[in-house]
Amino acid sequence: MTPRDYFRRIPLCLALLMLGMAFQARAQKPSAWWYPMGTPEGTRSNDVQLDRQRVDSMVIKWRTRSLANSSSLLVGGIRFAPEERMQQVIGTAGDTMLYIVSHRGLTDARNNYRGLFSAADATTIRLTGLLARDVLAPEEGTRPAYIGVGVERLQAQDDNTFACFLAKSDAKPAQRLEIPPPALGPDAATARLGLYPLMLVDSSYLLAVSRSGNDARDDRINEVRRYDTGVGASPASLVWRYNVAPRIYPQHPALYYDKSISTHGIYIGLSTAPYLTLQPYSSQPPNGATRTSSDKAYSIELLERNPKGAEPKELRTDPAQPVDALPTQISTYFMFLRSSSLSAEQFFRLIAQEQDAARPGVPSLLLRDAYSAKDTLFGSFTPSGGDAINAQNHGWTIVVADVDGNVRSRQAGDTGDRLFFHNEGPEILAAYRNADGSDVASNMLWVLRRNVADSAAGTGRTYMKAFVGYAFSGRLLAAGHLLPDSSGGIATNRSEVVIANGDTVKVLRLADYSSDVFDGQHTGAQPYFETVRTFPLEGTVQSAAIADLDNDSLNDLIVSTKGATYAIGARQPNPFEVIRTDNTNYCGASQIVLTWSRSIGGDSTVNVDLLGAGGMVPQKDHYLNTARRDPLNVGAGIDSLVIPTNNLAPGTYRLIVRDPDLASQADTSKEFTIAPAQFGSIAVQSAPVPGFGDTLGLSVPVSCADSVYLERSSDGTIWTGDRAVAVHGDSAVATDTIGCPDDICNAGDTVRIWFRYRDRWHVTATQPHVVAIPINTVPLAISQQGNAGLRSRTVTWSSDTFACETVRLEIAGSGTGWMMLAPSVSAHAGTYTFVVPDTLTGPFRVRICCDGAGQPLCRRGMSAAFEVPPPPTEGFVAPNPFVVSQAPGGAVIVYKPHASGAVTITIYDAGRAAVRTLLEGASVDAGFHQVTWDGTNSRGEIVASGTYICVIESAGQKQIMPIIVSSH
């Protein structure tokens, strides 16, 4: 193994100090790598099995609002033993709360640092990294021992000390680092102080940086410090400090430890900005070192072969600004890049010059040798044309990642613009950023490589060239392996790029080199990247990290927004652990006890739904624990819900516990069965011979039901009633009063009533029980009215025969059905006269029925058969002869006009003299009609005995009928 090969296998150490930029180096295994890589938000990349992940398998696997609005995220295994290989997410909430969240999104530990500072109400903690016990000799499989907790706050006039901390895996402070605040005079109350732990060296020495300054005066004391933490010593004692003249810009330093044989050391690259005054400092750099200017890139080699005795050594570079130019903010990043002209990776410094409103201009990048004393320039990049306009007054976000998958695109004989050389190792990703961390409306994602040919003719080689410029809106967050990548069936291992715009995160992938977008040297808005996944989240995106949280060989994307922190990746099984019911078989009269334990993070109220054979069963009461009437479990631990089965039909079910806002968080119980009700035989308690108006008692043995229904039927097929009956013990008892049938006339001689019990779901029912009751029929008297030739009859009955108020009369002839004579007659009248309809032929019967069912005295009347003469074809007089004294009602004259019209009826004597006019011009319909003549003349005198002529005139028709009258 060459020194360089050994050199590049050592895990890189990057500390996350404040919101800003960072770099991403080679992917390391989770067991040996715990420092965040990539963007300042804490991106990291691990070795994963890329063939296991699927594009559609990336879901929002958990969410926690405990880390809402966290400006930085650290990811690493600090909570458990190395063999467990799970990682945690560490972040801040508010200004002073430190949270450690498990790989499943549940809070493992937290601690409030308020009260540990003398000016607690003006303090903000900043995470600076996960620290090993000894960065010089990290062992495979070890875990970080501490969390770096930096502090920023306003200096109070009465401050005596200022401190930051090393936190343990329980989020509580384990070591305190102190620094006396500088004497800032009248500006002390507005001066911003900061102290940030960076790394542990040899288990007892800790490096930290401090800064001070305010908006008006930035020439304060800024130092790199080394503390001796000792064993249990708190606060740690200061060993030495290294003064840095320019202001340390509020952005984390780039930090790297090199364990190669030839260049053993720790390197730190500081982000500096201009200061406004030139008054002398209270301390001088050690060994008389020259103070740097604020317009120079500033980096230091802190340790050499003997880390305990080494003195810091400056590495700096002159960005060669014009003399009259305003100083710019400058940041330094360390990275490995590989070139086809190099046999191994090479260590570089990337110098980023950034502009803002106070220093307007176009930002630029310089790539320099990290070791060379000559500070060799390997390439530069400055946006030009329209891109330069968009970049005006912006800074840089820098990420290093292998976005092309090390694919050799140049083939033998290729010429022209398609000369994309094989590029082993990562590329530099650079995107614009705003100083306040907000989205950039017109942003560019530049992909820079060291080994791109300047032209097809090979006029020379630039060592840093932008060969992709991708336009987008938002911010660059991270890069790493998230999804599988294949081209022609060959895995290319391209890293994905993560960007954010507002509340949306997108995962991008560089297009294949065979794509048409690479046909020429394109710049500007070309689709060099494709969007492979998009995730809308809650609140503006703040920060991100990439890590294999749950050791499934698949990376996860962890994103913090103003509303919550999310983990996006392959769905984790059993988000509610084992969802179980207390039984597998239930009766309708029992209760289901559902138990679960939420093992994956979420903040919404849990919903419990019921799934039957036909799909989801709507049960609104399942959303609340009806026993407690409060929302269900929203955190870790066991919770339960009692569900009554009386509202559930018999069948097979599963219960689903789910987070209503996270589709991936849903689990189901095993199947369970709700059995139908079981019945015995119906028993009837009643009088020996039940009658109408009596009450029956109907009981039935029943099990597995809390309520059943009693039904009745008049034919054994159509059931009515649906009366709910409560179950008491092992039986159900109901009573039913027997009333008249709805149609007593047609009920026959005996009324049969079918009874049965059924469950509420119409699944099971008893065998029907039949009750038979005879109908009481009373005789009716029929008398004839008038001459034997008349069809008029009178029916009579006793006025107390029927209990109802009204009755209806019906008549039936030979071979004909029953027809209505009168629909409603007073039941107490006792008599009714009717004329047998001409359409009926004898013999005849008349019946009377109560008009209405359910009468307590259920009777009907029936006459004996009787005869009437056939209906006449023409008119007649009855009686005839007519004896006046014997027929006080007079003689009935029946006539039949052939057509409707005026009718006149006149009585004449034998001498043709008119005696009396009975009708004169009366309007009459066609058909039979009748009038009565009482045997008197027009003066009311009884006529003499003799023969009289009745003349009926109608519509041109005249009918003459003789009437023989006797006045005695």
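1. Start with strands S2 and S3 (residues 88-93): they run antiparallel and are joined by four bridges. Leucine 73 has glycine 91 as its bridge partner in S3. Strands here are DSSP runs of E, at least two residues long, numbered from the N terminus, and two of them pair if DSSP finds at least two bridges between them.

2. Those two belong to an open, antiparallel sheet of four strands, ordered S2-S3-S4-S5. At the edges sit S2 (73-76) and S5 (107-112), each pairing on one side only.

3. A quick word on the model: it is predicted, with local features needing pLDDT of at least 70 and side-chain atom pairs pLDDT 80 or more, while totals for chains, interfaces and linings use all residues. Numbering runs from 1 along each chain as its sequence is written, and side-chain values use heavy atoms, leaving out hydrogens and water.

4. Now the salt bridges (a side-chain nitrogen of Lys or Arg within 4 Å of a carboxyl oxygen of Asp or Glu): the count is 25. One of them joins arginine 433 and glutamate 354 at 2.5 Å, N to O. Arginine 433 is in strand S25 and glutamate 354 in strand S21, 79 residues apart. Both are buried, meaning under 20% relative accessible area with a 1.4 Å probe, protein chains only; exposed is over 50% and partly exposed lies in between.

5. Aspartate 439 and arginine 475 make another salt bridge, at 2.9 Å between the closest N and O atoms. Aspartate 439 is in the loop between S25 and S26 and arginine 475 in S27, so the pair ties together parts 36 residues apart in sequence. Aspartate 439 is partly exposed at 25% relative accessibility, whereas arginine 475 is buried at 9%.
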